[in-house]
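Reader: I have a model open beside me and would like to learn how to read its features one by one. Could you walk me through it?

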Amino acid sequence: MGHTHASVPSTQLVIHNLDGKSTTLTPEDLAALSHKSVTVFNSHNKTNETYSGVVLSELLRKAGVPQGEEVRGRIFTVGVIARGTDQYRVLYALAEVDPSIHTGDVIVADSVDGHKLGNDGAFKMVSTEEKRPARWVRNLEEIEVVDVKP
Ligand SMILES: Nc1nc2c(c(=O)[nH]1)N[C@H]1C(S)=C(S)[C@@H](COP(=O)(O)O)O[C@H]1N2
Ligand SMILES: [Mo]
(Lines give C-alpha, C1' and ligand atoms only; values in the text may rest on other atoms or scores of the structure.)
(Ligands and ions follow the chains in the order given, each with its own letter.)
Protein backbone atom coordinates (compact mmCIF):
# COMPACT_ATOMS: atom_id res chain seq x y z
CA MET A 1 0.00 0.00 0.00
CA GLY A 2 1.33 3.41 -0.90
CA HIS A 3 1.77 6.39 1.38
CA THR A 4 0.45 9.70 0.16
CA HIS A 5 2.71 12.16 2.04
CA ALA A 6 -0.29 14.49 1.95
CA SER A 7 0.04 15.61 5.56
CA VAL A 8 0.80 19.20 6.49
CA PRO A 9 4.52 19.83 7.07
CA SER A 10 5.42 20.17 10.75
CA THR A 11 6.76 23.57 11.78
CA GLN A 12 7.47 23.12 15.51
CA LEU A 13 7.75 20.41 18.13
CA VAL A 14 5.99 20.46 21.49
CA ILE A 15 7.06 18.07 24.24
CA HIS A 16 4.45 17.47 26.96
CA ASN A 17 5.94 16.12 30.17
CA LEU A 18 4.08 13.99 32.75
CA ASP A 19 3.52 17.00 35.02
CA GLY A 20 1.63 18.85 32.27
CA LYS A 21 4.52 21.22 31.52
CA SER A 22 5.30 21.69 27.86
CA THR A 23 8.43 22.72 25.96
CA THR A 24 8.24 24.10 22.43
CA LEU A 25 11.11 23.82 19.97
CA THR A 26 11.30 25.75 16.71
CA PRO A 27 13.42 24.50 13.80
CA GLU A 28 16.00 27.16 14.81
CA ASP A 29 16.04 25.86 18.40
CA LEU A 30 16.68 22.33 17.16
CA ALA A 31 19.30 23.44 14.62
CA ALA A 32 21.28 25.09 17.45
CA LEU A 33 21.62 21.82 19.41
CA SER A 34 24.36 19.23 18.99
CA HIS A 35 23.53 16.84 16.14
CA LYS A 36 24.14 13.17 15.49
CA SER A 37 24.00 11.40 12.12
CA VAL A 38 22.55 7.94 11.68
CA THR A 39 22.54 5.86 8.52
CA VAL A 40 19.57 3.54 8.27
CA PHE A 41 18.17 1.18 5.71
CA ASN A 42 14.64 2.25 4.83
CA SER A 43 13.00 -1.08 3.97
CA HIS A 44 10.00 0.82 2.67
CA ASN A 45 11.84 2.49 -0.20
CA LYS A 46 14.81 0.07 -0.08
CA THR A 47 17.53 2.69 0.21
CA ASN A 48 20.08 3.74 2.78
CA GLU A 49 19.33 7.15 4.23
CA THR A 50 21.53 9.31 6.43
CA TYR A 51 19.54 11.43 8.85
CA SER A 52 20.98 14.18 11.00
CA GLY A 53 19.19 15.30 14.13
CA VAL A 54 19.15 15.67 17.87
CA VAL A 55 19.06 12.60 20.11
CA LEU A 56 15.52 12.39 21.51
CA SER A 57 16.75 11.70 25.04
CA GLU A 58 18.58 15.05 24.98
CA LEU A 59 15.31 16.83 24.16
CA LEU A 60 13.50 14.86 26.86
CA ARG A 61 16.20 15.77 29.37
CA LYS A 62 15.76 19.47 28.58
CA ALA A 63 12.01 19.01 29.05
CA GLY A 64 12.63 17.51 32.51
CA VAL A 65 11.73 13.91 31.67
CA PRO A 66 13.44 11.22 33.85
CA GLN A 67 16.69 9.89 32.34
CA GLY A 68 19.40 7.32 32.99
CA GLU A 69 19.51 6.19 36.62
CA GLU A 70 16.17 7.94 37.23
CA VAL A 71 14.53 5.40 34.91
CA ARG A 72 13.70 2.69 37.43
CA GLY A 73 10.71 1.17 39.22
CA ARG A 74 7.45 2.76 38.19
CA ILE A 75 9.16 4.82 35.49
CA PHE A 76 9.39 1.61 33.42
CA THR A 77 5.70 1.97 32.58
CA VAL A 78 6.22 5.46 31.21
CA GLY A 79 6.06 5.86 27.45
CA VAL A 80 6.45 8.53 24.82
CA ILE A 81 3.84 8.99 22.11
CA ALA A 82 5.14 10.75 19.00
CA ARG A 83 2.50 12.33 16.77
CA GLY A 84 2.65 13.68 13.24
CA THR A 85 0.51 16.47 11.78
CA ASP A 86 -1.68 13.80 10.15
CA GLN A 87 -2.40 12.41 13.67
CA TYR A 88 -0.29 9.30 13.01
CA ARG A 89 0.93 8.19 16.45
CA VAL A 90 3.52 5.71 17.68
CA LEU A 91 4.45 4.63 21.20
CA TYR A 92 7.92 3.92 22.52
CA ALA A 93 8.68 2.94 26.09
CA LEU A 94 10.75 5.66 27.76
CA ALA A 95 13.39 2.98 28.44
CA GLU A 96 13.62 2.25 24.69
CA VAL A 97 14.62 5.81 23.93
CA ASP A 98 17.11 6.05 26.77
CA PRO A 99 20.62 5.28 25.44
CA SER A 100 21.78 4.24 28.93
CA ILE A 101 19.28 1.37 28.81
CA HIS A 102 18.55 0.47 25.20
CA THR A 103 20.76 0.01 22.16
CA GLY A 104 20.33 2.11 19.05
CA ASP A 105 19.51 5.73 18.45
CA VAL A 106 16.20 7.54 18.39
CA ILE A 107 16.66 11.00 16.92
CA VAL A 108 14.54 13.95 15.91
CA ALA A 109 15.96 14.56 12.45
CA ASP A 110 15.93 17.87 10.64
CA SER A 111 17.78 16.76 7.51
CA VAL A 112 18.29 13.69 5.33
CA ASP A 113 21.19 13.06 2.99
CA GLY A 114 22.36 16.63 3.50
CA HIS A 115 19.12 18.40 2.65
CA LYS A 116 16.01 19.53 4.50
CA LEU A 117 13.15 17.09 4.92
CA GLY A 118 10.81 18.78 2.44
CA ASN A 119 7.37 17.17 2.54
CA ASP A 120 8.41 15.28 5.68
CA GLY A 121 8.24 18.64 7.53
CA ALA A 122 10.70 20.37 9.83
CA PHE A 123 11.09 17.28 12.02
CA LYS A 124 11.03 13.52 11.55
CA MET A 125 11.54 10.96 14.26
CA VAL A 126 13.84 8.15 13.15
CA SER A 127 15.15 5.13 15.05
CA THR A 128 17.88 2.69 14.14
CA GLU A 129 16.57 -0.55 15.66
CA GLU A 130 13.42 -1.02 13.61
CA LYS A 131 13.11 -3.71 10.90
CA ARG A 132 10.64 -1.53 9.04
CA PRO A 133 10.16 2.20 9.38
CA ALA A 134 6.63 2.13 10.80
CA ARG A 135 7.68 3.82 14.07
CA TRP A 136 9.37 6.66 12.26
CA VAL A 137 7.17 9.74 12.27
CA ARG A 138 7.14 12.22 9.42
CA ASN A 139 5.95 15.74 10.16
CA LEU A 140 6.57 15.18 13.86
CA GLU A 141 4.91 17.94 15.89
CA GLU A 142 4.27 16.52 19.35
CA ILE A 143 5.87 14.20 21.86
CA GLU A 144 3.70 13.33 24.81
CA VAL A 145 5.12 11.58 27.86
CA VAL A 146 2.48 9.24 29.29
CA ASP A 147 2.25 6.96 32.29
CA VAL A 148 0.68 3.78 30.95
CA LYS A 149 0.00 2.35 34.44
CA PRO A 150 -0.22 5.28 36.85
N1 LIG B 1 3.26 11.09 9.96
C2 LIG B 1 3.31 9.83 9.49
N3 LIG B 1 4.46 9.14 9.64
C4 LIG B 1 4.55 7.87 9.19
C5 LIG B 1 3.43 7.22 8.61
C6 LIG B 1 2.23 7.99 8.47
O7 LIG B 1 1.19 7.51 7.96
N8 LIG B 1 2.22 9.28 8.92
N9 LIG B 1 3.53 5.91 8.16
C10 LIG B 1 4.61 5.10 8.71
C11 LIG B 1 4.85 3.87 7.97
S12 LIG B 1 3.78 2.61 8.25
C13 LIG B 1 5.93 3.71 7.14
S14 LIG B 1 6.26 2.25 6.37
C15 LIG B 1 6.86 4.83 6.90
C16 LIG B 1 7.02 5.06 5.42
O17 LIG B 1 7.71 6.23 5.26
P18 LIG B 1 8.28 6.71 3.88
O19 LIG B 1 7.21 6.50 2.85
O20 LIG B 1 8.56 8.14 4.14
O21 LIG B 1 9.50 5.91 3.63
O22 LIG B 1 6.47 6.05 7.53
C23 LIG B 1 5.93 5.89 8.81
N24 LIG B 1 5.70 7.19 9.37
MO1 LIG C 1 4.36 0.88 6.84
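**Reading the ligand site and the core**

Author: Gladly. Let us start at the ligand: an oxygen atom of ligand 1 is 2.9 Å from an N or O atom in the side chain of Arg 138. Please keep in mind that this is a predicted model.

Reader: How much of the 530 Å² that ligand 1 exposes when taken alone does the protein bury?

Author: The protein buries 87% of that area.

Reader: Which residues are closest to ligand 1?

Author: The shell has 12 residues, and the closest are Asn 42, His 44, Asp 86, Trp 136 and Arg 138. Sorted by class, the shell holds five nonpolar, four polar and three charged residues. Asn 42 places a polar side-chain atom 3.1 Å from an oxygen atom of ligand 1. His 44 also has a polar side-chain atom 3.1 Å from an oxygen atom of the ligand.

Reader: Let us stay with Asn 42. Is Asn 42 buried or exposed?

Author: The idea is to compare the relative accessible area with a cut-off: under 20% is called buried. Asn 42 has a relative accessible area of 5%, so it is buried. It belongs to strand S3, residues 36-42.

Reader: What does Asn 42 contact, leaving aside its neighbours within four places in sequence?

Author: Asn 42 is in contact with Thr 47, Glu 49, Pro 133 and Trp 136, once those neighbours are left aside. Trp 136 is also among the residues closest to ligand 1. Within the chain, the side chain of Asn 42 also reaches the backbone nitrogen of Asn 45, at 3.3 Å.

Reader: Now the interior. How should I think about a nonpolar core?

Author: In soluble globular proteins, nonpolar side chains tend to be buried together. Here the largest nonpolar core has 29 residues. Those with the most contacts inside this core are Leu 13, Leu 60, Leu 94, Val 108, Met 125, Leu 140 and Ile 143.

Reader: Which elements each supply at least two residues of this core?

Author: They are strand S1 (13-16), helix H2 (56-62), strand S5 (78-84), strand S6 (89-93), strand S7 (106-112) and strand S9 (140-147). A second, separate core has 10 residues, including Val 40, Ile 107, Ala 109 and Leu 117.

Reader: What does Val 108 touch, not counting residues up to four places away in sequence?

Author: Among the residues Val 108 touches are Leu 13, Leu 30, Val 54, Leu 59, Phe 123, Leu 140 and Ile 143. Gly 53 and Lys 124 are touched by Val 108 as well.

Reader: Where does Leu 25 sit?

Author: Leu 25 is in strand S2, residues 22-25. With a relative accessibility of 9%, Leu 25 counts as buried. Beyond its sequence neighbours up to four places away, Leu 25 touches Gln 12, Leu 13, Ile 15, Leu 59 and Phe 123. Look at Leu 59 in that list: 34 residues separate Leu 25 and Leu 59 along the chain, while their C-alpha atoms are 9.2 Å apart.

Reader: Finally, how do I read backbone phi angles?

Author: Most residues other than glycine have a negative phi, and most peptide bonds are trans. Against that background, two residues deserve a look. Lys 46 is not a glycine, yet its phi is positive, about 55°. It sits in the loop between S3 and strand S4 (47-55), and at 61% relative accessibility Lys 46 counts as exposed. Asp 113 likewise has a positive phi, about 50°, without being a glycine.

Reader: Where does Asp 113 lie?

Author: Asp 113 lies in the loop between S7 and strand S8 (124-127). Its relative accessible area is 45%, so Asp 113 is partly exposed.

Methods: Residues are numbered from 1 along each chain as its sequence is written. Chains are lettered from A and ligands numbered from 1 in the order in which they are written. This is a predicted model: local features need pLDDT of at least 70, side-chain atom pairs count only at pLDDT 80 or more; totals for chains, interfaces and linings use all residues. Side-chain values use heavy atoms; hydrogens and water are left out. A nonpolar core is a set of buried Ala, Val, Leu, Ile, Met, Phe, Trp, Tyr and Cys residues joined through side-chain atoms within 4.5 Å. Buried means under 20% relative accessible area, exposed over 50%, partly exposed in between (1.4 Å probe, protein chains only). Helices (H or I, at least four residues) and strands (E, at least two) are DSSP runs, numbered from the N terminus. Contact means heavy atoms within 4.5 Å. A residue is near a molecule or strand if one of its heavy atoms lies within 4 Å of it. A polar contact is a pair of N or O atoms within 3.5 Å; within protein, one must be able to donate a hydrogen and the other to accept it, and residues adjacent in sequence count only if both atoms are side-chain atoms. Accessible areas come from the Shrake-Rupley method with a 1.4 Å probe; for residues, only the protein chains shown count as cover. Ala, Val, Leu, Ile, Met, Phe, Trp, Tyr, Cys and Pro count as nonpolar, Asp, Glu, Lys and Arg as charged, and the others, Gly among them, as polar.
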